[in-house]
Each structure stands twice: as C-alpha cells, then as structure tokens.
Amino acid sequence: MDGHRELSVGGSGHANILPFRNHCGYSSTVIMVTTDWVGMIGITGASGALGRATAEVVLRSVEPREVVLVTRRPAALDELAALGAHVRHADFDEPHTVKAAFAGVERLLLISTDNVGSRLDQHRAAIDAAVVAGVSYVAYTSVPAPVTDNPAVVVADHALTERALVESGLAWTMLRNHLYAHLQLQGIQNAAATGKLFTNIGDGAAAFVTRDDCAAAAAAVLTRRGHENTALEISGPEAVGARQLVDLAQEIRGDSVELVHVDDEDLAAGLLAAGLPEPAVQLVTSFGAATRGGFLEHVTTAVRDLTRREPARFADVVRALSAV
C-alpha cells in the first residue's frame with residue numbers, strides 16, 4: 001500500500017481529466033478529494049444516477065484502472081470506459097454474471113436496486129457473489145431507521161439486506177441515505193401552482209439530502225479506511241417541515257399558499273386521482289407517514305465529516321432548481 005494521496009480538482013495528475021458535473025442542476029463545488037486506499041474499487045448500478053455520480057467522484061482520486069463499474073447497460077458508461085475504468089456487465093437476476101463482474105474487486109459499493117418489494121433476492125445474490133469473488137468490504141445504500149416501526153414501504157428490503165450483509169462475514173458500511181432533496185420539487189411547484197400544499201407529514205420533518213452529497217459520501221467510504229462495520233446516516237444540514245415547504249411554494253407563487261393536513265388515505269386518494277401509479281402512491285404516502293413518525297428527522301454531520309465540506313441546504317436546492 002502506498003501512503004495517503006491528495007489531489008486538488010483541476011490540479012495536476014489525473015484529477016483534472018473528469019470535470020465536476022453537478023447532477024441536480026444547482027451550484028456546488030468540490031475542493032479536494034483524498035484517498036488512503038490502493039486496490040480495486042467496484043460500484044454496482046454504475047449507469048444509474050447515484051452510481052454514475054459516485055463513479056465520477058471516485059475517479060478524481062483513484063486511477064481509472066483501479067475502478068470497476070458494474071451495470072446492465074455498459075454502453076451508457078462509454079465515456080468513463082474511455083478514461084480507463086473497467087466497465088463490466090452484470091445482472092443481479094443472473095448470479096453468474098455478478099461473480100464475474102466482481103472479479104478482482106476489493107471494496108464494493110452495492111447500490112440498492114429499484115425493484116421495491118422484490119429486490120431482496122437480488123441484493124442477497126450480489127452479497128453472495130461478493131463473498132465468492134473475494135471482495136473484502138461492501139458499502140450498501142440503505143434507508144434511515146430500518147426498524148420494524150418505520151412505516152416506509154422500503155424498510156423491509158433494506159433491513160433484511162443489512163442483516164444479510166452483516167451475516168456474510170464481509171466488512172461493511174451501511175449508508176443510510178435520507179430522502180433526496182430534488183425529488184420534493186414537484187410537490188412544491190404543484191403547491192405553488194394550485195395555492196394549496198396537501199401533506200400527511202403532520203408536525204414531522206425530514207432531513208432531505210442531495211444525491212451529489214450522497215455520492216460524495218459513498219466515494220469517501222470507498223476510498224478511505226476507518227468506516228468499516230458502521231452505519232452512517234447521510235442527511236442534509238437541517239430537518240424540513242411542512243411550514244418550510246409552504247414557505248418555498250409561496251416564494252415561487254409570489255402569493256400565499258394554504259397548508260392542508262390530510263391523513264394517509266386522503267393523500268393516497270388524491271395522488272391516485274392525479275394519475276400517480278399505485279406503487280408510487282404507496283411509496284410517497286409511506287414516506288410521509290415515516291416523516292410524521294419522526295423516522296426521517298435525524299440530522300447528522302456525516303456528509304461534512306466524510307467530504308470535508310458542508311452539505312447543500314434544502315432551500316438553496318429548491319430555489320436553484322426552480323430558477324432553471
């Protein structure tokens with residue numbers, strides 16, 4: 001192993017090969033990326049939004065030949081392959097492809113798949129393949145408070161995946177990512193357009209975080225030791241409640257917006273009437289219930305501790321995206 005490496009973005013070395021790209025459209029900067037790890041790093045779901053964002057951060061501090069990008073759509077990563085990263089096809093529903101894709105990987109980011117309710121078998125297959133392939137460490141993208149009382153419909157998949165990872169014998173880090181800030185924009189804009197914000201979060205609050213901050217945190221645990229066998233909540237810098245959502249809607253509208261508290265059933269009925277598919281309705285409604293129950297309000301310093309910069313504030317993200 002060589003010693004600690006430090007590269008300034010835009011400075012010498014390969015750190016300036018890949019310019020910083022913000023994936024959510026708001027202003028952000030990366031000052032420094034560091035690593036004390038030399039060895040093959042793998043990222044699953046690398047052609048997805050979080051996987052691609054994480055890969056780009058990792059490639060600022062790790063030689064491309066030390067990075068394996070695992071995806072069902074290799075052609076989507078041609079740009080990163082051209083830099084020298086290894087792009088490998090794998091499908092979690094075809095375990096033999098996963099074992100081959102993980103060959104030589106020592107530290108792996110396992111990004112949860114989007115098959116809510118049926119992804120546990122996929123995750124278990126990936127963990128089993130990692131063990132067989134000789135992977136030593138897996139970071140997994142989970143959810144805050146994966147406990148029985150949490151009503152969010154995603155909790156069971158994540159809790160059981162976490163258990164499988166702990167029982168695998170691999171070193172691990174649980175990255176319990178809070179809800180993405182940019183996904184709240186549509187609801188705020190709808191409230192601005194109609195003059196009413198309907199919500200089932202009651203007096204609860206959520207510590208919304210940006211996808212870019214989640215990516216930077218994931219890159220940090222992949223490239224720096226010291227986070228093994230720990231669970232980290234990746235949150236924004238503040239918990240946001242219904243009143244703050246209304247205030248942002250009023251900024252966009254330029255007039256008052258009424259806050260309307262509804263129960264889970266009425267919110268679900270309204271979302272269905274608006275044309276949202278049933279699975280999405282269940283997801284949104286259950287996250288609202290989880291927020292109301294206090295499961296998403298915990299603010300941590302994990303982003304700052306891992307990345308050495310402050311996480312983006314929710315209001316700043318919404319204002320920037322609204323101006324696009």
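Which helix lies across β6 and β7, and at what angle does that helix run to β6? The legends below describe a predicted model and start with this view.

**Figure 1. Helices α4 and α5 on the strands β6, β7 and β8.** Helix α4, residues 120-133, is the one lying across β6 and β7. Its direction makes about 175 degrees with that of β6. Helix α5 (residues 155-167) also packs on the sheet, where it touches β7 and β8 (171-177). Between α5 and β7 the angle is about 170 degrees. Strands β6 (residues 107-110) and β7 (residues 137-142) run parallel and are joined by four bridges. R107 has Y137 of β7 as its bridge partner.

**Figure 2. The open sheet of seven strands.** Read across the sheet, the strands come in the order β5-β4-β3-β6-β7-β8-β11, and their pairing is parallel. β5 and β11 (230-234) are at the edges; each has a single partner strand, so one side of each has no neighbour in the sheet. From one strand to the next, the twist averages 20 degrees.

**Figure 3. The β-α-β unit of β4, α2 and β5.** Strand β4 covers residues 67-71 and strand β5 residues 86-89. The two strands run parallel, with four bridges between them. V70 is found opposite R88 of β5. Together with helix α2 (residues 78-83), β4 and β5 form a β-α-β unit that is right-handed.

**Figure 4. The contact of α1 with α7.** The axes of helix α1 (residues 49-58) and helix α7 (residues 211-223) come within 8 Å and cross at roughly 55 degrees. This angle makes α1 oblique to α7. The crossing of α1 past α7 is right-handed. From α1, the residues in contact are A49, L50, A53, T54, V57 and V58. On the α7 side they include R211, D212, C214 and L222. By type, the residues of this contact are 11 nonpolar, two polar and two charged.

**Figure 5. The contact of α8 with α12.** Helix α8 spans residues 242-253 and helix α12 spans residues 314-322; their axes come within 11 Å and cross at roughly 25 degrees. Angles under 35 degrees count as roughly parallel, and α8 and α12 are therefore roughly parallel to each other. α8 passes α12 in a crossing that is right-handed. L245, L248, E251 and I252 of α8 make the contact with F314, A315, V318, R319 and S322 of α12. Six of the contact residues are nonpolar, one is polar and two are charged.

Note on methods: Residues are numbered from 1 along each chain as its sequence is written. This is a predicted model: local features need pLDDT of at least 70, side-chain atom pairs count only at pLDDT 80 or more; totals for chains, interfaces and linings use all residues. Side-chain values use heavy atoms; hydrogens and water are left out. Two strands pair if DSSP finds at least two bridges between them. A crossover is right-handed if, with the strands pointing away from the viewer, the path from the first strand over the helix to the second runs clockwise. Axes are lines fitted to C-alpha atoms, for helices over the stretch in contact, and angles run from 0 to 180 degrees between N-to-C directions. Angles under 35 degrees count as roughly parallel, over 145 as roughly antiparallel, 65 to 115 as roughly perpendicular and the rest as oblique. A crossing is left-handed if the near helix is turned anticlockwise from the far one by less than a right angle, and right-handed if clockwise. Contact means heavy atoms within 4.5 Å. Ala, Val, Leu, Ile, Met, Phe, Trp, Tyr, Cys and Pro count as nonpolar, Asp, Glu, Lys and Arg as charged, and the others, Gly among them, as polar.
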